[in-house]
Amino acid sequence: MGKIIFYEDRNFQGRSYESTTDSPELQSYFSRCNSIRVENGNWMIYERPNYTGHQYFVKRGEYPDCQKWMGLSDSIRSCRLIPQHRGSYRIRVYEREDFRGQMMEFTEDCPHVNEEFNYHDINSCNVLEGHWLFYEQPNYRGRQYYLKPGEYRRFTDWNALSARVGSFRRVADFC
């Protein structure tokens, strides 16, 4: 079971809202978000309603200001609890859309896509086991994209603006 608390002001001040489930629309509970406390679980928080806009991964801990979760603004409008996964992890990434071109399968984190895959773009992927995060830059930096098990025929399926993926990692159970 997950639990996340959003605060309108920095350092856990101001009006707050507590969530234990996915919430596609948070605007009616608070107008801005400047700090977060995650008491349980792994969460994706989104700058827009219905799980759209910039995505940020937060795990158990305290985030006294939006820079601590790499936030670009104080706008958090939806959140999603990432289910716990106790099995193995497996993902196939492809050079081209619709699972075409060069393919590689991974079971571990990849800090440098270009070194492993010999190019920067991943245009499609198939998440076979586990939950994964894509990052636009190497070493788990830049924009983040959450991928649950399933097929992603093109980069827009995981809500990315481009096919640029610099690194990716498994969402392990940190709690």
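Where is the place of Tyr-51? This residue falls in the loop between β4 (42-48) and β5 (52-58), where helices (H or I, at least four residues) and strands (E, at least two) are DSSP runs numbered from the N terminus. Phi of Tyr-51 is near 60°, a positive value in a residue that isn't glycine. Tyr-51 also counts as buried because its relative accessibility is 15%; buried means under 20% relative accessible area, exposed means over 50%, and partly exposed is in between (1.4 Å probe, protein chains only).

A quick word on the ground rules: this is a predicted model, so local features need pLDDT of at least 70 and side-chain atom pairs count only at pLDDT 80 or more, while totals for chains, interfaces and linings use all residues. Residues are numbered from 1 along each chain as its sequence is written, and side-chain values use heavy atoms, with hydrogens and water left out.

Next comes a sheet. Four strands make up an open sheet in the order β2-β1-β3-β6, with antiparallel pairing; two strands pair if DSSP finds at least two bridges between them. The edges are taken by β2 and β6 (61-63), each with a single partner strand, so one side of each has no neighbour in the sheet. On average, neighbouring strands here are turned by 15° against each other, direction ignored (axes are lines fitted to C-alpha atoms, for helices over the stretch in contact, and angles run from 0 to 180 degrees between N-to-C directions). Strand β1 (residues 3-9) pairs with β2 in the antiparallel sense over five bridges. Ile-4 stands opposite Ser-19 in β2, and Asp-9 has Gln-13 of β2 as its bridge partner. The hairpin of β1 and β2 has three residues between the strands, and in it Asn-11 takes a positive phi near 55°, although Asn-11 is not a glycine.

Over in strand β3 is Ser-35, which counts as buried because its relative accessibility is 0%. The side chain of Ser-35 reaches the backbone nitrogen of Phe-12 at 3.0 Å. Leaving out residues up to four places away in sequence, Ser-35 touches a list of residues including Ile-5, Tyr-7, Asn-11, Tyr-63 and Trp-69 (contact means heavy atoms within 4.5 Å).

Rings of Phe, Tyr and Trp (its six-membered ring) pair if their centres lie within 6.5 Å; planes under 30 degrees apart count as stacked, over 60 as edge-to-face and the rest as tilted. By this rule there are 13 aromatic pairs. Tyr-17 and Phe-30 have ring centres 6.4 Å apart and planes at 45°, so the pair is tilted. Tyr-17 is in strand β2 (residues 13-19) and Phe-30 in the loop between β2 and β3 (35-40), so the pair ties together parts 13 residues apart in sequence. Phe-30 is buried because its relative accessibility is 1%. The rings of Phe-134 and Phe-168, with centres 5.6 Å apart and planes at 50°, also make a tilted pair. Both Phe-134 and Phe-168 are buried. Ring pairs link Tyr-89, Phe-106, Trp-132, Phe-134, Tyr-152, Trp-158 and Phe-168 into a cluster. The charged end of Arg-170 sits over the ring of Tyr-89, 5.6 Å from its centre.

Key: A charge sits over a ring if NZ of Lys or CZ of Arg is within 6 Å of the ring centre and within 35 degrees of the ring normal. A polar contact is a pair of N or O atoms within 3.5 Å; within protein, one must be able to donate a hydrogen and the other to accept it, and residues adjacent in sequence count only if both atoms are side-chain atoms.
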